Amino acid sequence: MEQKALPVGVDDFEMLITRGYYLVDKTMFIKELIDKKGTVNLFTRPRRFGKTLNMSMLRYFFEDGCDRMGNKVEYAHLFEGLKIMECSDKYLQHMGSYPVISLTLKSAKQDDFSLSYTMLARAIAEEFRRHAFLMDSEKLVPYMKKRYEKLMNEEASLADYSDALKFLSECLYSHYGRKAIILVDEYDVPLESAYQYGYYDKMVSFIRSLFESAFKTNACLEFAVITGCLRISKESIFTGMNNLKIISILNEKYDEYFGFTDAEVKQLCEDYGMPQKFENVKEWYNGYVFGNANVYNPWSVIQFVDDLIENVNCFPSPYWANTSSNSIVRSLISRADRKTKDEIEHLIEGKTVEKQVHEDITYDEVYKGMDNLWNFMFFTGYFRKVSERMEGTKRYVTLTIPNKEVHYIFENKVLGWFEEEVEKRDLTRLYDAFINMDTTVVKEEIEKMFFDTISMYDYYESFYHGFLAGILYGIGGYYVKSNREGGNGRTDLFVKPMSYEETAFVVEFKVAKNVDELEKKADEALAQIEEKCYNRELKSEGYVSFAHYGISFFGKKCVVKVYC
């Protein structure tokens, strides 16, 4: 049997079905949504965990479809052979039975309010155009059609767009005689961008008006589904909405419908003739816990299996690394205190940390404490829940890094962010002490830098070598050469002045097994420079004055010795 193409980047349910892409059947999500009978349902999951595809599936299942001219469009065929079709008429009677408003806010990721608002108004206008047949409906009175035309043509005021979803549902109710389902995807994207670029209050005001009118006081609403990455505080967006059900990654309800389960990934590997790759996929992309369900990152699984089809020996990649928004995480990390850095080190080493979780996030308070860093990273997919407990009214979750893909992100992004912060500091005191051979100050400055960064390589000489070489490259009036051949072996660093009359430096690093061994290892480094004649290259270049640095490390401590 011919293998189906994998839906890399496909998040439209109709396209996925009609073009014959491989489908992981999540249609029982529809059954559970009907059973739970929530009026306004907010689902928060990390980016790229299938939210948009699920929202598209809901639209095609529930919508009494019409094209823009009002001609009937049937979508029932899209669900043939899927699990929902095996359910009773209690569920199937809902198929194709409602007017549906479907809106995504992802286009509002802009750097100023005017442009962001324009993109939101355009997205709303496009949904009005999708229902353009309402302009010909005899059941809409003239003033409704006049306003509808302005909204559809992007000519309406901010006030008109602020309650546009409610108005559209009223128009649909007038035409169909049935209440509307409203689907809003990526609701928090404009809020994150607004906070990042300094127009948060304006955007909160607009989104609050849009949502309150649509979800709080709307007699024409059947039910709503909203998706996003974070649960934004009810006080900032969902003021007074007692009908709001929030389903985060901590909730057991709907836990297996976002992300792939173990069985689904096994089946995927078997369907593409690579069952032997299952453990590899599991090691890299499994490890998330939503409610009680253990799930895989679907975006990365699909990408990796697609690459394996081309080359069964290809290595896993961190596909998710560049898809999630991390600007606020990076900014929070730049403010991290010593305790936070130590805890991130523990996580990189495979250990766990316990943190109190606050499911409500308010962007304007995001920098008020390091607790927000942990909550932000937890709910956006950087950590996995190992266990949880209650202490009075407080909820605590034990966290760990979920898999190799996210571990890669920590190694190559988070660690790099810390090091960039260290490199921004004024290193004049270190440089002056190094040139003047003030070993006490050199030691103090190196240890300060180590305590301001994190590393999973503390006990490897290559880390210390790379870190110190990078720092010393900025020393004015000197060239730094790393691992050059010199004398009878390889020295770690040469620090050479531009003037041949000034002192040139040879630097050798050693790693101690414990604190007590630091002095001995620094002496060994100096002895090695002497024994192997590492300064021979410097002499051949014309330098006449030399100093030898022996530096030993254990964890974040060091001993610095110099010999002239």
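Isoleucine 475 is buried, with a relative accessible area of 4%; buried here means under 20% relative accessible area, exposed means over 50% and partly exposed is in between (1.4 Å probe, protein chains only). This is a predicted model, in which local features need pLDDT of at least 70, side-chain atom pairs count only at pLDDT 80 or more, and totals for chains, interfaces and linings use all residues. Residues are numbered from 1 along each chain as its sequence is written, and side-chain values use heavy atoms, with hydrogens and water left out. Helices (H or I, at least four residues) and strands (E, at least two) are DSSP runs, numbered from the N terminus.

**Around isoleucine 475**

- You will find isoleucine 475 in the loop between α20 (461-472) and β11 (478-482).
- Leaving out residues up to four places away in sequence, isoleucine 475 touches Tyr431, Phe434, Ile435, Val480 and Val495, where contact means heavy atoms within 4.5 Å.
- From C-alpha to C-alpha, isoleucine 475 and lysine 557 are 22 Å apart in space, and they are 82 residues apart in sequence.

**Nonpolar cores**

- A nonpolar core is a set of buried Ala, Val, Leu, Ile, Met, Phe, Trp, Tyr and Cys residues joined through side-chain atoms within 4.5 Å.
- The largest nonpolar core has 93 residues, and the members that touch the most others are Tyr161, Tyr187, Phe211, Phe215 and Phe410.
- The most residues given to this core come from α10, which supplies nine.
- Apart from it lies another core, of 31 residues, and Ile475, Phe509, Ala547 and Val560 are among its members.
- Beyond its neighbours within four places in sequence, tyrosine 161 has contacts that include Tyr117, Ile124, Leu151, Phe206 and Leu210, as well as the charged residues Lys150, Glu154 and Glu155.

- Strand β3 (residues 180-185) is mostly covered, as six of its six residues are buried.
- In a regular strand the side chains alternate between the two faces of the sheet.
- On one side of β3 are Ala180, Ile182 and Val184, on the other Ile181, Leu183 and Asp185, and all are buried.
- Strand β2 (residues 100-104) runs parallel to β3 and is joined to it by five bridges; two strands pair if DSSP finds at least two bridges between them.
- In that pairing, leucine 103 stands opposite valine 184 in β3.
- Strand β4 (residues 221-228) is also joined to β3 by five bridges, in the parallel sense, and alanine 180 stands opposite leucine 221 in β4.

**Helices α9 and α10**

- Two packed helices are described by the angle between their axes and the distance between the axes.
- Helix α9 (residues 189-197) and helix α10 (residues 200-216) have axes that come within 8 Å and cross at roughly 160°; axes are lines fitted to C-alpha atoms, for helices over the stretch in contact, and angles run from 0 to 180 degrees between N-to-C directions.
- That crossing makes α9 roughly antiparallel to α10 (under 35 degrees counts as roughly parallel, over 145 as roughly antiparallel, 65 to 115 as roughly perpendicular and the rest as oblique).
- On the α9 side the contact is made by Pro190, Leu191, Ala194 and Tyr195, and on the α10 side by Tyr200, Met203, Val204 and Ile207.
- The contact residues divide into eight nonpolar, no polar and no charged; Ala, Val, Leu, Ile, Met, Phe, Trp, Tyr, Cys and Pro count as nonpolar, Asp, Glu, Lys and Arg as charged, and the others, Gly among them, as polar.
- The buried residues of α9 are Val189, Pro190, Leu191, Glu192, Ser193 and Ala194.

**Positive phi angles**

- Most residues other than glycine have a negative phi, and most peptide bonds are trans.
- Glutamate 186, in the loop between β3 and α9, has a positive phi of about 55° and is buried, with a relative accessible area of 14%.
- Methionine 437, in the loop between α18 (428-435) and α19 (439-451), has a positive phi near 60° and is partly exposed at 24% relative accessible area.
- Glycine 198 follows α9, and its phi is positive, near 85°.

**The five-stranded sheet**

- Five strands form an open sheet of mixed pairing, in the order β11-β14-β15-β16-β17.
- Its edge strands are β11 and β17 (557-563), each pairing on one side only.
- From one strand to the next, the twist averages 20°.
- Strand β15 (residues 504-511) pairs with strand β16 (residues 546-554) in the parallel sense over eight bridges, and tyrosine 549 in β16 is the bridge partner of valine 507.
- Packing on the sheet, α19 touches β16 and β17, and its direction makes about 150° with that of β17.
- Helix α21 (residues 518-531) lies across β15, β16 and β17, running at about 145° to β16.
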